[in-house]
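Hi,

Here is the structure I promised to pass on.

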Amino acid sequence: MERHSKIYVAGHRGMVGSAIYRKLQQEGYTNLVTRTSSELDLKDQLAVTAFFTAEKPEYVFLAAAKVGGIIANNTYRADFLYENLCIQNNVIHQSYLNGVKKLMFLGSSCIYPKLAPQPLKEEYLLTGLLEETNEPYAIAKIAGIKLCDAYRAQYNCNFISVMPTNLYGYNDNYHPQNAHVLPALIRKFHEAKLNGSAAVIVWGSGSPMREFLFADDLADACYFLMENYNENNLINIGTGEDLTIKDLALMIKKIIGFKGELTFDSSKPDGTPRKLMDVSKLHNLGWKHKVELEEGISLAYQDFLNKIKP
Ligand code: GDP
């Protein structure tokens, strides 16, 4: 990408898209194109066609998606499948029709089989059944990977797919029901501290293991791969380190300074037991994360506090 190349960041107001946008700005890119969802509904085929025909971006980061935590994924199953298929179909197809030089499609570690060996290697895609709670989202993301590969095979498009692990960071969603575990727990521990509650409820058994990457590190990896990676199939982006949900809760509790107890709500689903990324492909290319979990949680907590200021 040249500093004046026209780059479209789809989803620039979300946690991932905004981190990519900031990274491109820091690197000196001056011709960034964005649209809010009210300006451009990416589910709308005609609107996306008109946008690409008018703007003709040269590079695309496809970070727009309908996302959410385990309960949101499991509750809005139709919306997660339909909306994500629409968004990616429209953006990827229009990128092909309008001669986009390179597109990056962002997926998720939930595309891997529920009981795949750990750590998850890229080649485990489609080797087993998916985790039930996020199957609709995963099916959409798998279709996106295959769409990028199909356009590469048939039309020689340089479309790449990257699979981030669980993410957190600036501009995250802190909704009590629909958020992912890390931001949800930041909110719960913060409110429990303010209210002087005796305990914080953690969903599930606390034993599932998860890996977490700070969104600014993800943006750094996306930029690195956009510059250095031009292959089909997928590439994992993560830290290669995980911890139990219980240990995550204890870490957040300590950072926020909550003095009470943890209670586990076994009526809520655990989801997949473990989804640790094998990041050797990424490490071999020369990229490694910088922000460790404790530091990242402190930064995210500060951002949360700034956002909730009256
Ligand atoms: P997942 O990685 O797709 O399973 O999505 P989540 O980030 O939503 O959940 C990860 C794990 O954290 C699951 O085992 C949840 O049951 C557990 N968890 C514990 N407390 C919470 C909470 O308050 N919100 C969410 N979303 N998950 C929680």
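Ser 108 is buried, with a relative accessible area of 11% (buried means under 20%, exposed over 50%, partly exposed in between, using a 1.4 Å probe and protein chains only). Before I go on: this is a predicted model, where local features need pLDDT of at least 70 and side-chain atom pairs count only at pLDDT 80 or more, while totals for chains, interfaces and linings use all residues. Residues are numbered from 1 along each chain as its sequence is written, and side-chain values use heavy atoms, with hydrogens and water left out.

Ser 108 sits in the loop between E4 and H5 (helices, H or I of at least four residues, and strands, E of at least two, are DSSP runs numbered from the N terminus). A polar atom of the Ser 108 side chain lies 3.0 Å from the backbone nitrogen of Cys 110. Not counting residues up to four places away in sequence, Ser 108 touches Tyr 137, Met 163 and Pro 164 (contact means heavy atoms within 4.5 Å).

**The cores**

Met 163 turns up again in the contacts of Ile 111, which, leaving aside neighbours within four places in sequence, also include Leu 125, Leu 130 and Leu 234. Ile 111 is among the residues with the most contacts inside the largest nonpolar core, which has 39 residues (such a core is a set of buried Ala, Val, Leu, Ile, Met, Phe, Trp, Tyr and Cys residues joined through side-chain atoms within 4.5 Å). H5 (135-155) is one of the elements that each supply at least two residues of this core, and the largest share, 6 residues, comes from H5. There is also a second, separate core of 33 residues, including Phe 224 and Met 226.

**The ligand**

What surrounds the ligand? A shell of 17 residues does, and the closest are Ile 70, Lys 188, Arg 210, Pro 269 and Asp 270 (a residue counts as near if one of its heavy atoms lies within 4 Å). Helix H6 (181-195) and strand E7 (199-203) each give at least two residues to that shell, with H6 providing the largest share, 3 residues.

On the polar side, one side-chain atom of Lys 188 is 2.7 Å from a ligand oxygen, and one of Asn 166 is 3.1 Å from an oxygen atom of the ligand. A polar backbone atom of Ala 179 lies 2.9 Å from a ligand nitrogen. Taken alone the ligand exposes 530 Å², and the protein buries 98% of that (accessible areas come from the Shrake-Rupley method with a 1.4 Å probe).

Cheers

Technical notes
Polar contact = N/O pair within 3.5 Å; in protein donor to acceptor, adjacent residues only side chain to side chain.
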